[in-house]
Amino acid sequence: MQQFMDRLRFRAPGEIEFHQAVQEIIDSVRPALDKNPEFGKAKILERITAPELVIIFSVPWMDDRGEVHVNTGYRIGMNSALGPYQGGLRFHPSVNLSILKFLALQQVMRNALTTMPLGGGKGGSDFDPKGKSDNEMMQFCQSYMRTLFRHMGPNTDIPSADVGVGPREIGYLFGMYKKLRNEFSGAFTGKNLSWGGSLMRPEATGYSVAYFAQEMLATRNQELAGKTCLVSGAGNVALHVAEKIISLGGKVITLSDSGGYIYDEEGLDHGKLAFVKNLKTIQRARISEYAHEYSNASYTPFDPQRNTNPLWNHWADCAFPCAAENEIGEEDAYHLINQGIKVIAEGADMPCTPEAVRIFHDKNILHAPAKATGAGGAAVAGLEMAQNSMRLSWTREEVDARLQTVVKTIHRNCLNIAAAHGAPANYHIGANIAGFVRIVSAMMDQGIV
Ligand code: NDP
């Protein structure tokens, strides 16, 4: 294992986030590798961590003042053993190959957990959507698609949303794809409901995370009702996690954006949440506005000099990190534990550092990775693809019922597999082995391709 990691670091130097994601998986799947020596002979680890396809391209576009800009566009086809590549597009200045490779690998594992025929991929650009007009956003999306359209399609690669990409961007991207390909197909998920989207798709990841937390609590004869919850982020995942927690009777006392966080001791209700949704998705304003609207709430800006996040230093039962990778470090983990935390359900990809995860396990805190908690969202992406190919549209209740069943099944599988490998209640080991074995079985069947 050490030699494998050394070779990976040599082949892909500086890709810190990717190395972290690989290390986390191989630490968990060691028992499956030991039990199946044929995996080693087939160089499964080397193959599963090497993207099948990486496309890097320039994305020139013109702003409203007539100035030309050039960004870098990426798409990674990570693994197609189980189906066409499927995974989000991220538009954020921090985007680089390391971040996208880590996200693509997480997506491969998450999609495998759904048991649907979905491979995994990820893409995006270092383009910053902040402060861009609708027209600039459209110019950028159209330019991005002028290259990507050749490499995707409903049977090849199906992109969806991630940070900085929401319904508006999916609309612009799909419009250009449709024009260039001269076809109207389910080549994206996350489309608007009126032209091929699935009911519940925008909510699905967040709801999946909250349903998963409900299942985690049930293992200790508890439920979300009456629980105080810390949620970070104020994007698509965070807002729908918060919405479902509130519907299930929990109390959400924090939300954040990249500038800072709000604390509302009384808890948010659906009205306050609607205010935040409007703020972040329509007005595209800052979360600090919440404290101006609701005088009982406070706003605390983040201090970039500090490597701890004060949001995690409030008393609560459950924590839902839904903003960014590595947002809970070692010190934050101790703060959470000292403040009585019982459950941590990740919404963002890899929001806890390896040290934080180790501390949660040592202290017997229930902690589940995003690849497991958010797999219900990936399943609804699969349901959108199914509806598109059947030219059907299921009701909200049908999709929600399927989502809840999928989440229960994934939760049970993770626990059973973890217990079978001597690691009861370890969702990391359960999720990683379940996903890994499914992908590897398909790779073994399909030969060296
Ligand atoms: P959005 O772009 O909708 O929202 C991201 C939010 O997080 C924004 O409010 C942003 O603030 C905030 N944010 C970004 N960086 C930080 C930071 N360092 N500290 C605090 N807040 C921050 O993205 P999504 O909600 O779609 O995605 C959020 C996370 O969830 C990502 O990690 C993504 O990869 C993951 N994800 C997980 C899925 C799953 O299945 N579990 C599926 C899809 C996404 P601002 O408004 O200032 O930019």
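Is Trp61 buried or exposed in this predicted model? Trp61 counts as buried, because its relative accessibility is 6% and the limit for a buried residue is under 20%.

**View 1. Trp61 and Phe127 form an edge-to-face aromatic pair.** The two ring centres are 5.2 Å apart, and the angle between the planes is 80°. Trp61 belongs to strand S1 (residues 53–62), whereas Phe127 is part of the loop between strand S4 (120–125) and helix H6 (134–148), so the pair ties together parts that are 66 residues apart in sequence. Phe127 is buried as well, with a relative accessible area of 1%. Ring pairs also join Trp61 and Phe127 to other residues, in a cluster made up of Phe57, Trp61, Phe91, Phe127, Phe140 and Tyr144.

**View 2. The side chains of Trp61 and Asn71 are joined by a polar contact.** The length of this contact is 2.8 Å. Asn71 is located in strand S2 (residues 68–79). With a relative accessible area of 13%, Asn71 is buried, because buried residues are those under 20%.

**View 3. Charged lysine ends sit over aromatic rings in two places, at Phe127 and at Tyr207.** Over the ring of Phe127 sits the charged end of Lys132, 5.3 Å from the ring centre. Over the face of Tyr207 lies Lys244, at 4.4 Å from the centre of that ring.

View 4. A pair of aromatic rings is described by two quantities, the distance of the centres and the angle of the planes. The count of aromatic pairs in the model comes to 19. In the pair of Phe39 and Phe436, the centres are 6.4 Å apart and the planes meet at 75°, so the arrangement is edge-to-face; the angle required for this class is over 60 degrees.

**View 5. The ligand is surrounded by 26 residues.** The closest of these residues are Arg90, Asp162, Ser258, Arg286 and Gly347. Sorted by class, the shell contains nine nonpolar, nine polar and eight charged residues. At Val237, a polar backbone atom is 2.9 Å from an oxygen atom of the ligand. On its own the ligand has 920 Å² of accessible area, of which the protein covers 83%.

**View 6. Ala356 is a buried residue of a helix.** The helix in question is H13, which spans residues 354–362. Ala356 counts as buried because its relative accessibility is 0%. Between the C-alpha atoms of Ala356 and Gly206 there is a separation of 22 Å, and the two residues are 150 residues apart along the chain.

Note on methods: Residues are numbered from 1 along each chain as its sequence is written. This is a predicted model: local features need pLDDT of at least 70, side-chain atom pairs count only at pLDDT 80 or more; totals for chains, interfaces and linings use all residues. Side-chain values use heavy atoms; hydrogens and water are left out. A residue is near a molecule or strand if one of its heavy atoms lies within 4 Å of it. A polar contact is a pair of N or O atoms within 3.5 Å; within protein, one must be able to donate a hydrogen and the other to accept it, and residues adjacent in sequence count only if both atoms are side-chain atoms. Accessible areas come from the Shrake-Rupley method with a 1.4 Å probe; for residues, only the protein chains shown count as cover. Ala, Val, Leu, Ile, Met, Phe, Trp, Tyr, Cys and Pro count as nonpolar, Asp, Glu, Lys and Arg as charged, and the others, Gly among them, as polar. Rings of Phe, Tyr and Trp (its six-membered ring) pair if their centres lie within 6.5 Å; planes under 30 degrees apart count as stacked, over 60 as edge-to-face and the rest as tilted. Helices (H or I, at least four residues) and strands (E, at least two) are DSSP runs, numbered from the N terminus. Buried means under 20% relative accessible area, exposed over 50%, partly exposed in between (1.4 Å probe, protein chains only). A charge sits over a ring if NZ of Lys or CZ of Arg is within 6 Å of the ring centre and within 35 degrees of the ring normal.
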